[in-house]
Amino acid sequence: MNEHLQFFSYMPMPKQADKLRTAARKIFSFVYRGNKFYCPVCNQTYRKFFSAGVNQRPNALCPGCNSLERHRLFWMVFQKLAETGILKTGGRMLHIAPEPSLSEKFMKQYDYISVDLDGSNAMFAMDITALTFPDEHFDVIVCHHVLEHIPDDRKAISELYRVLKSGGWASIQVPIKGEITQEDMFITDPHERRQLYGQEDHVRKYGHDFIYRLEEAGFSLQIFNKADVLDPFTLECISVKCENEVIFAGKQD
């Protein structure tokens, strides 16, 4: 038995949904094949990407693997840093609220575990503010666009730090708008949250001061601006316009 199973009940992903998703990918990959856009996650070229998002961003969603701009940017930066040895690969990975397009890639490279508050979306059901893993259990953690949904985000960040091994790294991404984080936990009306924070289920709108919350927990940071890592032509090909940077958080030995 997998040693991870001693901590919680296993909740398998629906196989029928996986089959339907795979079939849809094959169809869309064929229908939208072309040379205008490139998805580094599924390694395919397309004549167009789909619009996506609350405000419908054009050419945002890959028709083949459903990756968004942030997934494609992360994957390219991750690959570059792994190839140069800046990021360690292999070992145990914890993937919070897993993106299917990325989880399939990670499963081939890591001893992989995914969790989500909704167990139907991951391997295990778990609250990120109360992870049931031991201290320093994972070599890598990936947590993308989750913390903006969590009222006690500092507790969640401290839990990520706790379960990360010394010398490990985490990719912790949030949508960043402006300089100063805006939040008010007394605001519970979904319409007001959408007006203030962009979505009904967001509890704050992060600014660039988000990095201080990571540092408060003990993380050391490396921040990679998209323009410093990828040339304009590549950014145009993978259709990354609104996402600006990728944050990797490390835990010192």
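# Buried charges and helix packing

Let's begin with Glu159, which has a relative accessible area of 7% and is therefore buried. Here "buried" stands for under 20% relative accessible area, "exposed" for over 50%, and "partly exposed" for what lies in between, using a 1.4 Å probe and protein chains only. The structure is a predicted model, in which local features need pLDDT of at least 70 and side-chain atom pairs count only at pLDDT 80 or more, while totals for chains, interfaces and linings use all residues. Residues are numbered from 1 along each chain as its sequence is written, and side-chain values use heavy atoms, with hydrogens and water left out.

**The whole chain**

- The protein chain has eight helices and 13 strands. Both kinds of element are DSSP runs numbered from the N terminus: helices are H or I with at least four residues, strands are E with at least two.
- Of the 253 residues in the protein chain, 46% are buried.
- Among contacts between residues at least 6 apart in sequence, 63% join residues at least 24 apart. A contact means heavy atoms within 4.5 Å.

**Salt bridges**

- The count of salt bridges comes to 11. Such a bridge is a side-chain nitrogen of Lys or Arg within 4 Å of a carboxyl oxygen of Asp or Glu.
- Glu69 pairs with Arg57 in a salt bridge whose closest N and O atoms are 2.8 Å apart. This pair links distant parts of the chain, with Glu69 in helix α2 (residues 69–83) and Arg57 in strand β4 (residues 57–61), 12 residues apart.
- Lys165 and Asp139 form another salt bridge, with 3.5 Å between the closest N and O atoms. Their link also joins distant parts of the chain: Lys165 sits in strand β9 (residues 164–173) and Asp139 in strand β8 (residues 138–144), 26 residues apart.
- Lys165 is partly exposed at 26% relative accessibility, and Asp139 is partly exposed at 22%.
- Glu159, our opening residue, meets Arg162 in a salt bridge of 2.8 Å, N to O. Arg162 is partly exposed, with a relative accessible area of 22%.
- The two residues are three places apart in helix α4 (residues 153–163), so about one helical turn separates Glu159 from Arg162. An α-helix has 3.6 residues a turn, so residues three or four places apart point the same way.

- Arg213 belongs to helix α6 (residues 210–217). At 8% relative accessibility, Arg213 is buried.
- The side chain of Arg213 makes a polar contact of 2.8 Å with the side chain of Asp153. A polar contact is a pair of N or O atoms within 3.5 Å; within protein, one must be able to donate a hydrogen and the other to accept it, and residues adjacent in sequence count only if both atoms are side-chain atoms.
- Beyond its neighbours within four places in sequence, Arg213 is in contact with residues including Ile157, Thr181 and Tyr206.
- α4 and α6 pack at an angle of about 50°, with their axes 9 Å apart. That makes α4 oblique to α6.
- The axes are lines fitted to C-alpha atoms, for helices over the stretch in contact, and angles run from 0 to 180 degrees between N-to-C directions. Angles under 35 degrees count as roughly parallel, over 145 as roughly antiparallel, 65 to 115 as roughly perpendicular, and the rest as oblique.
- Residues that meet across this pair include Asp153, Ile157 and Tyr161 in α4 and Phe210, Arg213 and Leu214 in α6.

**Loops and backbone angles**

- Val240 lies in the loop between α8 (232–237) and β13 (245–250), and at 4% relative accessibility Val240 is buried.
- How many residues separate Val240 and Leu73 in sequence? The answer is 167, yet their C-alpha atoms are 6.9 Å apart in space.
- Ser239 is in the loop between α8 and β13 too, and Ser239 is buried at 2% relative accessibility.
- Most residues other than glycine have a negative phi. Ser239, however, has a positive phi near 55°.
- Ala97 also has a positive phi, of about 45°, although it is not a glycine. Ala97 is placed in the loop between β5 (92–96) and α3 (100–106).
- Asp189 caps the N-terminal end of helix α5 (residues 190–197), with a side-chain oxygen 3.2 Å from the backbone nitrogen of His191. After α5 comes Gly198, whose phi is positive, near 100°.
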